[in-house]
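The entries follow the order in which I looked things up.

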Amino acid sequence: MLKDNLVMLRNLHGFSQEAIAEKIGISRQAYAKWETGATVPDIEKCLSLAEVYGTTIDSLVRTESVEGVGIIPPAPRGKNIWGSVAVGERGQIVIPKGARDLFGLTGGQRMVVLSDENGIALIPEEVFMSNMRNAMERSLEKQD
């Protein structure tokens, strides 16, 4: 619910209730009532809150939960949190349906696996190759 997301986002961003209230032009008491669920903000204040927290109104008012984790905070604007997956004995994972649908992923499609010190990312091979070709072309143009 909205109240849970407001508490999580405020704490994740390290703001006090007073600081958030000041940013959106309300009293601390009014904001505190939103966090307890006693009242809810109007749509304009929801937009202001979404902007302050770098998320969308939709993400702000929906509560997402992940099995074994519980309620998770709303994802930043343009990002998604799809939940968790289990890695099979041979390294297989099942990509959540919402992610498959959003990116048009189908069975047998090739993916490039990337990583850094924090984790891994999967990118459709055709997207990766297109990006690499574009980067190489730009690099060659700069050399001329």
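**Entry 1. Two packed helices.** I first looked up the pair α2 and α3, which are roughly perpendicular to each other; that term covers angles of 65 to 115 degrees, with under 35 degrees counting as roughly parallel, over 145 as roughly antiparallel and the rest as oblique. Helix α2 spans residues 17-24 and helix α3 residues 28-36, and they pack at about 110° with their axes 8 Å apart. The axes are lines fitted to C-alpha atoms, for helices over the stretch in contact, and the angles run from 0 to 180 degrees between N-to-C directions. Helices (H or I, at least four residues) and strands (E, at least two) are DSSP runs, numbered from the N terminus.

I then listed the residues that make the contact, where contact means heavy atoms within 4.5 Å. From α2 these are Gln17, Glu18, Ile20, Ala21 and Ile24, and from α3 they are Arg28, Tyr31, Ala32, Trp34 and Glu35. By class I noted six nonpolar, one polar and three charged residues. Here Ala, Val, Leu, Ile, Met, Phe, Trp, Tyr, Cys and Pro count as nonpolar, Asp, Glu, Lys and Arg as charged, and the others, Gly among them, as polar.

**Entry 2. Basis of the values.** The model is predicted: local features need pLDDT of at least 70 and side-chain atom pairs count only at pLDDT 80 or more, while totals for chains, interfaces and linings use all residues. Residues are numbered from 1 along each chain as its sequence is written, and side-chain values use heavy atoms, with hydrogens and water left out.

**Entry 3. The two sides of α2.** I asked which residues of α2 are buried. They are Gln17, Ile20, Ala21 and Ile24, buried meaning under 20% relative accessible area, exposed over 50% and partly exposed in between (1.4 Å probe, protein chains only). These residues cover an arc of only 100° around the axis, which puts them on the same side of α2; the arc is that of the directions from the helix axis to the C-beta atoms. An α-helix has 3.6 residues a turn, so residues three or four places apart point the same way. The buried residues of α2 pack against α1, α3 and α4. On the other side of α2 I found Glu18, Glu22 and Lys23 exposed. Just after the helix, Gly25 has a positive phi of about 75°.

**Entry 4. Gln17 and Glu35.** I next examined Gln17 of α2, which is buried at 18% relative accessible area. Its side chain is joined to that of Glu35 by a polar contact of 2.8 Å. A polar contact is a pair of N or O atoms within 3.5 Å; within protein, one must be able to donate a hydrogen and the other to accept it, and residues adjacent in sequence count only if both atoms are side-chain atoms. Leaving out residues up to four places away in sequence, Gln17 touches Arg10, Arg28, Tyr31, Ala32 and Glu35. Glu35 belongs to α3 and is buried, with a relative accessible area of 10%. With the same exclusion of residues up to four places away, Glu35 touches Lys3, Leu6, Val7, Arg10 and Gln17.

**Entry 5. Helix α4.** In α4 (residues 43-53) I noted Cys46, Leu49, Ala50 and Tyr53 as buried. Seen down the axis, they fall within an arc of 100°, so they line one face of α4. Their cover includes α1 (2-13), α2, α3 and α5 (57-61). The face turned away from the buried side carries the exposed residues Glu44 and Glu51. At the start of α4, a side-chain oxygen of Asp42 comes within 3.1 Å of the backbone nitrogen of Glu44. After the helix comes Gly54, with a positive phi near 70°.

Beyond residues up to four places away in sequence, Cys46 touches Pro41, Ile57 and Leu60. Cys46 and Leu2 are 44 residues apart along the chain, and their C-alpha atoms are separated by 9.6 Å.

**Entry 6. Gln109.** Is Gln109 in a helix, a strand or a loop? Gln109 lies in the loop between α6 (97-103) and β3 (111-115), and counts as partly exposed at 23% relative accessibility. The side chain of Gln109 makes a polar contact of 2.9 Å with the side chain of Glu126. A polar atom of the Gln109 side chain also lies 3.1 Å from the backbone nitrogen of Thr106.
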